[in-house]
Amino acid sequence: MADSATPSDNLARLHRLAEALLRPDEKLTKADRLPLFKQLLQQEHERMFAAHRAGASGREITFQRSQMMDVILEMLARFANQAYEAEHGPLAIQTSLVALGGYGRAEMCPFSDVDLMFLFPQGVKPKALEPVQKIYTDEILYPLWDMSLKIGHSTRTINEAIEEAKKDMSSKNALLEARLVTGSAGLFQIFAQAYNNFCRGESPHEYIKARLLDQATRRGKYGNTVFLQEPEIKNGVGGLRDYHNILWMARIRLNTGTLEELVARQYLQPTEREALEAAYDFLLRTRNELHFSSPHATDLLDLEKQPQVALNLGYASENVFRRIETFMRDYYQHAQAIYQLSALLERRLAIVGEEES
């Protein structure tokens, strides 16, 4: 049976563990702390692996991994600020460490990228910013790289973040899911309000047209069918990205990013929501298994991996062909549900855009 601890219980446990292991009051050197961070990372990876194999849901594992990364980053930022104060005195610049994309929505599979933005206020002089950036690179980014984590990072003021969103659709989508990890809550709130105002001021109709085109192009790349022998869990037809896309569209079109609100506003029926959530969790759990059983990130459910993935997810038939058949039938059923319901919601959201254009 999966771990029954609540998210708040798990977060409190992680904080206690990090404090006990990293001993921040003892002022260990960065070199001394690195193996302790690696120990924390490995220990939690093994705990989540055991919970996954015991039946934990896909969302439970991805949320717990996000919590673990939050605690690691909080500790790294704490050490970075201590290092800055020791060298330059108290930090006079507001800073926020912001999670983006999948990390921002607190969904991290075992080998997911850690997508970060170092956020600074407007008007900071480069001379004042330079030593902060250097300390943060040395004390936050380098340790993360040394832990063999795949990091995506940017340094932006609020205006720079918005300008990047104007130029690049992927950045715009990632920023839709921005979440404060640590640092100035006030600065992050200013950013969140400014970004929301930007999104409200842009043409929802144009955004939806662009998203629909991107969806059609991506689905065409994967044959416009969920029934591939070797499906791609993240980007394939009926994959995780189909689900993400409807939430991005809803955020821009309706200023909401949850299925609950789509049900409340009658864009989605309760039974449709239940089917979407069950299908999405099935795909997340399958992706978690792929990551746990591989030495690196992979989203391709290829023929070679299918027998073992099926077995590890509880499809226990000794007849390997029957095992694969049963597992893949369930996979296709869930992927088809995501594909059909996401396409339906895309049409509903697009019709609203056409009526108001």
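## Arginine 211 in helix 9

Arginine 211 is found in helix 9, residues 204–221. Helices here are DSSP runs of H or I with at least four residues, and strands are runs of E with at least two, both numbered from the N terminus. This is a predicted model, in which local features need pLDDT of at least 70, side-chain atom pairs count only at pLDDT 80 or more, and totals for chains, interfaces and linings use all residues. Residues are numbered from 1 along each chain as its sequence is written, and side-chain values use heavy atoms, with hydrogens and water left out.

Is arginine 211 buried or exposed? Its relative accessibility is 4%, so arginine 211 counts as buried. Buried means under 20% relative accessible area, exposed over 50%, and partly exposed in between, with a 1.4 Å probe and protein chains only. The side chains of arginine 211 and asparagine 245 are joined by a polar contact of 2.7 Å. A polar contact is a pair of N or O atoms within 3.5 Å; within protein, one must be able to donate a hydrogen and the other to accept it, and residues adjacent in sequence count only if both atoms are side-chain atoms. Neighbours within four places in sequence aside, arginine 211 is in contact (heavy atoms within 4.5 Å) with Met169, Asn173, Asn245, Trp248 and Met249.

An open sheet is formed by 4 strands in the order 3-2-1-4, with mixed pairing. Strand 3 (151–157) and strand 4 (179–183) stand at the edges. Each has a single partner strand, so one side of each lacks a neighbour in the sheet. On average, neighbouring strands are turned by 25° against each other, direction ignored. Strands pair if DSSP finds at least two bridges between them.

Strand 2 (residues 114–120) pairs with strand 3 in the parallel sense over 7 bridges. Here phenylalanine 120 stands opposite threonine 157 of strand 3. Helix 8 (residues 185–201) packs on the sheet and touches strand 1 (96–99), strand 2 and strand 4. The direction of helix 8 makes about 100° with that of strand 2. Axes are lines fitted to C-alpha atoms, for helices over the stretch in contact, and angles run from 0 to 180 degrees between N-to-C directions.

## Strand 1

Strand 1 pairs with strand 2 in the antiparallel sense over 4 bridges. Leucine 97 stands opposite phenylalanine 118 in strand 2. Strand 1 and strand 4 also run antiparallel, joined by 4 bridges. Valine 98 has leucine 180 as its bridge partner in strand 4.

Both faces of strand 1 are covered. Ser96 and Val98 are buried on one side, Leu97 and Ala99 on the other.

## Helix 2 against helix 5

Helix 2 and helix 5 (residues 126–146) pack at about 45°, with axes 10 Å apart. That makes helix 2 oblique to helix 5. Angles under 35 degrees count as roughly parallel, over 145 as roughly antiparallel, 65 to 115 as roughly perpendicular, and the rest as oblique. Helix 2 contributes Lys30, Arg33, Leu34 and Lys38 to the contact, and helix 5 contributes Asp138, Glu139, Pro143 and Asp146.

## Two loop residues with positive phi

Lysine 27 lies in the loop between helix 1 (7–22) and helix 2 (30–53). Its phi is positive, about 50°, although lysine 27 is not a glycine. Lysine 27 is exposed, with a relative accessible area of 64%.

Asparagine 224 sits in the loop between helix 9 and helix 10 (240–254). Asparagine 224 has a positive phi of about 55° and is not a glycine. With a relative accessible area of 47%, asparagine 224 is partly exposed.
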